Amino acid sequence: MGFKNIKEKMLITLKWILICCLIGIFSGSASAFFLVSLEFVTQVRNHHNWIIWFLPLGGLLIGFGYFYCDSKIAKGNNLLLEEYNKPEKKIPFLMAPLVLVSTLITHLFGGSAGREGTAVQMGGTIADLCTKIFKLNHSERRTLIILGISAGFASVFGTPLAGALFALEVVFFSKLKLKSVVFSFLVAYIAYFTVEFWEIKHTHYSIPEVPEMNFSILFWILVVGISFGLAALLFSRSTHFWGKLFSHNIKYPPLRPFIGGIVLVLAIYFIDATKYIGLGVPVIVDAFTVQNTPYDFLLKILFTGFTLGAGFKGGEVTPLFFVGATLGSALSVVVPLPIALLAGMGFVAVFSGATHTPIACTVMGIELFGIESGAYIGIVCIIAYFFSGSIGIYKSQIVKGPKSILYQSIRKKGLKYL
């Protein structure tokens, strides 16, 4: 290799390091602003419950916002996956401020949604700006989208290793180049430390007791893993069901979240369901020490699926944490394992099943709960992954590998609903 080639490769490497710094710093700063704003609107709602009555109006504003802007923005995370699989047009920059404002409106007025979708979409939008600035081709643009997903996920949850792996695994490691892998980790840490620089605190969880593994415990891990996988399947199908129901029966898009908001407000007040709105982080934290009722996870699935299906914005991951943690907590009645361990396993396993990302979820569990519970988390994430059906929360995600082969075989036997 001549000096000219070495110089060229060094310049390319420096260019990508600069790109990672730009994406990481701007995405991390955007996530920091988002997290502060989200905490603010949540506190406003908690101290002024009457504001929930304005949820239909908030839905109407969101509906008009997406209807009168580029329609493809409404695809959210699916747009990022589509552009990764088949790069065609740039991601509209309007996606970032629109999803930010829409998510804050959703949480301010009491919708049940998450936050990862917002952070990932902001990260993807910011990353795609580099296409024109650095004159990148389609192949390089794929790398940018991975970097945006990685930065957004790592910064909003404070889990850089999981963020980097999630960005790679959600596209099933397809069409990857070595630089995508290396720079996915680099940008995740830059985004993570950017949020740390802004002194934003993430929620901390703890699993204080981890028993020694034995065959009896392996049996119970299999049981709860299947339960978490089925919960992930129910969550994914619920979100898609409500989305189809609204789109088929309400032809004018802005009216979907307006009508959905009316139904949600009535449900929240008539059954006193404030426990199931917003992120639900306090409930998730309590699930590690206090036994939940068997229907908590079901109501969260119902409220989140309806909220997102109606057209409100946010994400699915934190509600998936809620579903998994509360289901694990409830199972402590019959499963002879520590309640914190069950909640922690459910926390990541339902997420694993709904996103087809068992590796990232295993690493996330280790980052959040410690290496001591790593074996439990790894096994339960894989089991939930295989028992969660062939369709996850992202319609545009391409499912490959052993899971794809398994469900193709199942569908040939007539079980098409899986």
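User: Where does Ile149 sit?

Analyst: This is a predicted model, and in it Ile149 belongs to helix H6, residues 138–157.

User: Buried or exposed, that Ile149?

Analyst: Buried. Its relative accessibility is 5%, and the cut-off for buried is under 20%.

User: What is Ile149 in contact with, leaving aside neighbours within four places in sequence?

Analyst: With those neighbours set aside, Ile149 is in contact with Leu80, Val120, Phe166, Ala167 and Val170.

User: OK, cavities. How many of 30 Å³ or more does the structure hold?

Analyst: There are two cavities of 30 Å³ or more. The largest cavity has about 60 Å³ of space.

User: Which residues line the largest cavity?

Analyst: Ile149 turns up again here, along with Asn77, Leu80, Leu81, Val120, Phe166, Val170 and Tyr394. Helix H3 gives the largest share of that lining, three residues.

User: What about the largest pocket, what's its volume?

Analyst: About 950 Å³. It has 38 lining residues, and the closest to the pocket centre are Ala74, Lys75, Leu308, Gly311 and Lys313.

User: Which helix gives the most to the lining of that largest pocket?

Analyst: H9, with six residues. H9 runs over 215–249, and the helices that each supply at least two lining residues are H2, H3, H5, H9, H10 (255–270) and H12.

User: How do Phe67 and Tyr68 count for exposure?

Analyst: Phe67 counts as partly exposed, at 35% relative accessibility. Tyr68 counts as exposed, at 59%.

User: Which residues form the aromatic cluster?

Analyst: One cluster is made up of Phe153, Phe157, Phe166, Tyr205, Phe288, Phe321, Phe347, Phe351 and Phe369. Phe166 is also one of the residues lining the largest cavity, and Phe369 is among the buried residues of helix H15.

User: Let's do H15 then. How many of its residues are buried?

Analyst: Nine of the twelve, so H15 is largely enclosed by the rest of the structure. Besides Phe369, the buried set holds Pro358, Ala360, Cys361, Thr362, Val363, Met364, Gly365 and Leu368.

User: What covers the buried residues of H15?

Analyst: The cover includes H6, H7 (160–169), H13 (317–331), H14 (339–355) and H16 (374–386).

User: And what span should H15 have at 1.5 Å a residue?

Analyst: It should span 16 Å, and the end C-alpha atoms of H15 (residues 358–369) are 16 Å apart, which agrees. Just after the helix, Gly370 takes a positive phi of about 105°.

User: Now H4. How many residues does it have, and how far does it reach?

Analyst: H4 covers residues 95–108, so to speak a run of 14 residues, and it reaches 20 Å between its first and last C-alpha, close to the 20 Å expected. Just after H4, Gly110 takes a positive phi of about 105°.

User: How many residues of H4 are buried?

Analyst: Twelve of the 14, so H4 is largely enclosed by the rest of the structure. Among them are Val99, Leu100 and Thr103.

User: Which helices do the buried residues of H4 pack against?

Analyst: H1 (3–47), H2 (55–67), H3 (77–85), H5 (116–133) and H12 (296–310).

User: Last one: where does Thr118 lie, and is it buried or exposed?

Analyst: Thr118 lies in helix H5. It counts as buried, at 0% relative accessibility. Setting aside neighbours within four places in sequence, Thr118 is in contact with Phe34, Val99, Leu100, Thr103 and Gly314. Of those, Val99, Leu100 and Thr103 are buried residues of H4.

Methods. Residues are numbered from 1 along each chain as its sequence is written. This is a predicted model: local features need pLDDT of at least 70, side-chain atom pairs count only at pLDDT 80 or more; totals for chains, interfaces and linings use all residues. Side-chain values use heavy atoms; hydrogens and water are left out. Buried means under 20% relative accessible area, exposed over 50%, partly exposed in between (1.4 Å probe, protein chains only). Rings of Phe, Tyr and Trp (its six-membered ring) pair if their centres lie within 6.5 Å; planes under 30 degrees apart count as stacked, over 60 as edge-to-face and the rest as tilted. Helices (H or I, at least four residues) and strands (E, at least two) are DSSP runs, numbered from the N terminus. Contact means heavy atoms within 4.5 Å. On a 1 Å grid over the protein atoms alone, a cavity is a set of points where a 1.4 Å probe fits but cannot get out, and a pocket is an open set with protein on both sides within 12 Å along at least five of seven lines; lining residues have an atom within 4 Å of a point. Grid points are joined across faces, edges and corners, and a volume is the space filled by probe spheres set on the points.
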